[in-house]
Amino acid sequence: MKPSVSTRNGMLWSYKWHLSMVNWLFHRISGLALIFYLTAHVFVVRGFKNAVLMRDAGQTEAAMQKFGSLAGALENPVFIIAEIFVLAAVLFHVFNGIRVMFVDFFNGARYEKALNITLWVAFLAILIPSGLLMLISIF
Amino acid sequence: MTGRAKRSYTFWWFFQRFTGVVLVVTLLVHMFGQHFSLESGPHRSHLSLDGIAARFENPWWMLFYLVFLFTGLVHGFNGVYNVVDDYIRSPGWRMICTWGIWFTGIVLFFWGTMTVFA
């Protein structure tokens, strides 16, 4: 077998492109993206906890300032647009994960096409209205 | 080649599905508990310092977040390991990546747990 490193590009383009393969690729990309998001989210929550600790120590003004700067960053349009991508990643990862479990545990490969259609309809049906509501909230 | 694989792929295959189901449930609790407000239509719930402080003092939320954090990290980093397992062939790099995954996961769990308790 040829080493994959020298043929990586060839391997990528020799895949047979069909919807289930696209789902697999999106599942990986969204999963890796979500690990980065989780890390950032833990840091933001740490910031809020620091504000709580300041408040408990009687530094009310510093606590409100810290809280205000964090809450303000979360209401920044750039952050909200980034959150729409996080929502898309979560929704896709969840719905495709459910599809994978149907395939693995309930012999869902028999209904491959129906499952793929259901996945994409459910994903877009939630993402589009929610994304629009989030986008509207900027203005 | 004889002998068993060093890693039980069946166990981790099932583990990823089990933690996935746990995460769907805990994520829904998290989102409806902290981030959504359904009063007068769906919108972001407004953060308040008092609300956040109250949740950090509630032992049930503290327990919930330890479970959520731990499950999220093991599911996430097991997924990263699967990617490494698929694409990294060199034994040296595989070892470096595996140690990196463990290190980052443990640091994040420690950091998150510290956030809940102190």
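How many residue pairs are in polar contact between chain B and chain A? In this predicted model, the count is 8 residue pairs, with both partners at pLDDT 80 or more. On the chain B side, helices H1 (9-35), H2 (49-57), H3 (59-87) and H4 (91-117) each supply at least two of the residues that touch chain A. The largest share comes from H3(B), with 11 residues.

The contact as a whole draws 38 residues from chain B and 35 residues from chain A. Together the two chains bury about 3,000 Å², and 70% of this area lies on carbon and sulfur atoms. As for confidence, the predictor assigns the complex an ipTM of 0.87 and a pTM of 0.87. Chain B has an average pLDDT of 88, and 88% of the residues score at least 70.

Side chains of opposite charge can pair when their charged atoms come close. The structure holds 5 salt bridges over all chains, and 3 salt bridges are counted between chain B and chain A.

In one of them, Asp86(B) pairs with Arg28(A), and the closest N and O atoms are 2.7 Å apart. Asp86(B) sits in helix H3 of chain B and Arg28(A) in helix H2 (residues 19-56) of chain A, so this pair joins two chains. Asp86(B) is partly exposed at 41% relative accessibility, whereas Arg28(A) counts as buried at 18%.

Another salt bridge links Arg55(A) with Asp50(B), with 2.5 Å between the closest N and O atoms. The pair runs from helix H2 of chain A to helix H2 of chain B. Arg55(A) is partly exposed, with a relative accessible area of 26%, while Asp50(B) is exposed, with 52%.

Arg17(B) and Asp104(A) also form a salt bridge, their closest N and O atoms being 2.5 Å apart. Because Arg17(B) belongs to helix H1 of chain B and Asp104(A) to helix H4 (residues 77-105) of chain A, this pair too joins two chains. Arg17(B) is buried, with a relative accessible area of 17%, and Asp104(A) is partly exposed, with 32%. Salt bridges with shared partners also connect Arg55(A), Asp56(A) and Asp50(B) into one network.

Finally, a look at a loop: Ile88(B) lies between H3 and H4 of chain B. Ile88(B) counts as partly exposed, at 25% relative accessibility. Beyond its neighbours within four places in sequence, Ile88(B) is in contact with Trp93(B), Arg94(B) and Cys97(B).

Technical notes. Residues are numbered from 1 along each chain as its sequence is written. Chains are lettered from A and ligands numbered from 1 in the order in which they are written. Side-chain values use heavy atoms; hydrogens and water are left out. Contact means heavy atoms within 4.5 Å. Buried area is the accessible area (1.4 Å probe) that two parts lose on being put together, summed over both. A salt bridge is a side-chain nitrogen of Lys or Arg within 4 Å of a carboxyl oxygen of Asp or Glu. A polar contact is a pair of N or O atoms within 3.5 Å; within protein, one must be able to donate a hydrogen and the other to accept it, and residues adjacent in sequence count only if both atoms are side-chain atoms. Helices (H or I, at least four residues) and strands (E, at least two) are DSSP runs, numbered from the N terminus. Buried means under 20% relative accessible area, exposed over 50%, partly exposed in between (1.4 Å probe, protein chains only). pLDDT is the predictor's confidence in each residue, from 0 to 100.
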